[in-house]
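Trainee: Before I set anything up on this protein, could we go through its pockets, its core and its ring pairs together?

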Amino acid sequence: MPEFQSIKDDDLQTKTLKVWIEAMGKKGWTVEDLLEMPFTLLIEHTPINIVEHTRAVTRCSVQIADVLLEEYRDRIFINRDILLSGALLHDVGKLFEYIREDNRFVKSEEGKLLRHPISGAAFASKFDIPKEVIHIIAAHSKEGDGARRTVEAVIVNHADFVNFEALKV
């Protein structure tokens, strides 16, 4: 995913990539698996994989941020590196939520107990990822509803749901 290169802070870029690599290794996923892994199990036979979805959410998040910054200038602050890291990691927990069974992807036992925002945030926190990024991962889906979200978390939440809803119709 070339979007990793957009994170300017080298340390955060390295940590963000490491979370994905370590999550893949922990569950034995390959890049080829990710290119076959559906971004959701809620849309039957979706042709969109987790890599495409992650890239789309990340790119949408950046575009939203750019418009907000252009329109509101110094009246709003968005940490682009935090936004990028959070968008790239928002669904990393799906690597724990899914298993491949009979050549199809289904919920794992772990996924039945903990949805991906929780497992992803817990896993990423082991890598000294900033708490603002952990917040985005944990709050990007319905688990964050009703809680106070940072501006970066609001952007990723909406970018994620725009992508999901657009593909659901």
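**Pockets, core and rings**

Mentor: The second largest pocket has a volume of about 270 Å³, a value that, like the others here, was computed on a predicted model.

Trainee: Which residues lie nearest the centre of the second largest pocket?

Mentor: The lining of this second largest pocket takes its largest share, three residues, from strand β2, residues 104–107. By class, five nonpolar, four polar and four charged residues make up that lining. Of the 13 lining residues, those nearest the centre are P38, L41, H45, R104 and F105.

Trainee: What volume does the largest pocket have, and which element gives the largest share of its lining?

Mentor: The largest pocket has a volume of about 320 Å³, and of its 18 lining residues T40, L42, R115, H116 and S141 are the closest to the centre. Its lining has six nonpolar, five polar and seven charged residues. At least two lining residues come from each of α5 and α9, and the largest share, three residues, is that of α9.

Trainee: Which element gives the largest share of the largest nonpolar core?

Mentor: The largest nonpolar core has 40 residues, and L34, L95 and I129 have the most contacts inside it. Elements that give two or more residues to this core include α1 (10–27), α3 (50–72), α4 (80–89) and α9 (151–168). The largest share, six residues, comes from α4.

Trainee: Which residues does I129 touch, if those up to four places away in sequence are not counted?

Mentor: I129 is one of the residues with the most contacts inside the core. With residues up to four places away in sequence left out, the residues that I129 touches are L12, K15, T16, V19, L89, A124 and I134.

Trainee: Why is the pair of F39 and F164 given the class it has?

Mentor: The whole structure holds four aromatic pairs. In the pair of F39 and F164 the ring centres are 6.4 Å apart and the planes stand at 70°, and because planes over 60 degrees apart fall in that class, the pair is edge-to-face.

Trainee: How many residues apart are F39 and F164, and is F39 buried or exposed?

Mentor: F39 sits in the loop between α2 (31–36) and α3, whereas F164 belongs to helix α9, and the two are 125 residues apart. With a relative accessibility of 1%, under the 20% limit, F39 is buried.

Terms used:
Residues are numbered from 1 along each chain as its sequence is written. This is a predicted model: local features need pLDDT of at least 70, side-chain atom pairs count only at pLDDT 80 or more; totals for chains, interfaces and linings use all residues. Side-chain values use heavy atoms; hydrogens and water are left out. A nonpolar core is a set of buried Ala, Val, Leu, Ile, Met, Phe, Trp, Tyr and Cys residues joined through side-chain atoms within 4.5 Å. Buried means under 20% relative accessible area, exposed over 50%, partly exposed in between (1.4 Å probe, protein chains only). Helices (H or I, at least four residues) and strands (E, at least two) are DSSP runs, numbered from the N terminus. Contact means heavy atoms within 4.5 Å. On a 1 Å grid over the protein atoms alone, a cavity is a set of points where a 1.4 Å probe fits but cannot get out, and a pocket is an open set with protein on both sides within 12 Å along at least five of seven lines; lining residues have an atom within 4 Å of a point. Grid points are joined across faces, edges and corners, and a volume is the space filled by probe spheres set on the points. Ala, Val, Leu, Ile, Met, Phe, Trp, Tyr, Cys and Pro count as nonpolar, Asp, Glu, Lys and Arg as charged, and the others, Gly among them, as polar. Rings of Phe, Tyr and Trp (its six-membered ring) pair if their centres lie within 6.5 Å; planes under 30 degrees apart count as stacked, over 60 as edge-to-face and the rest as tilted.
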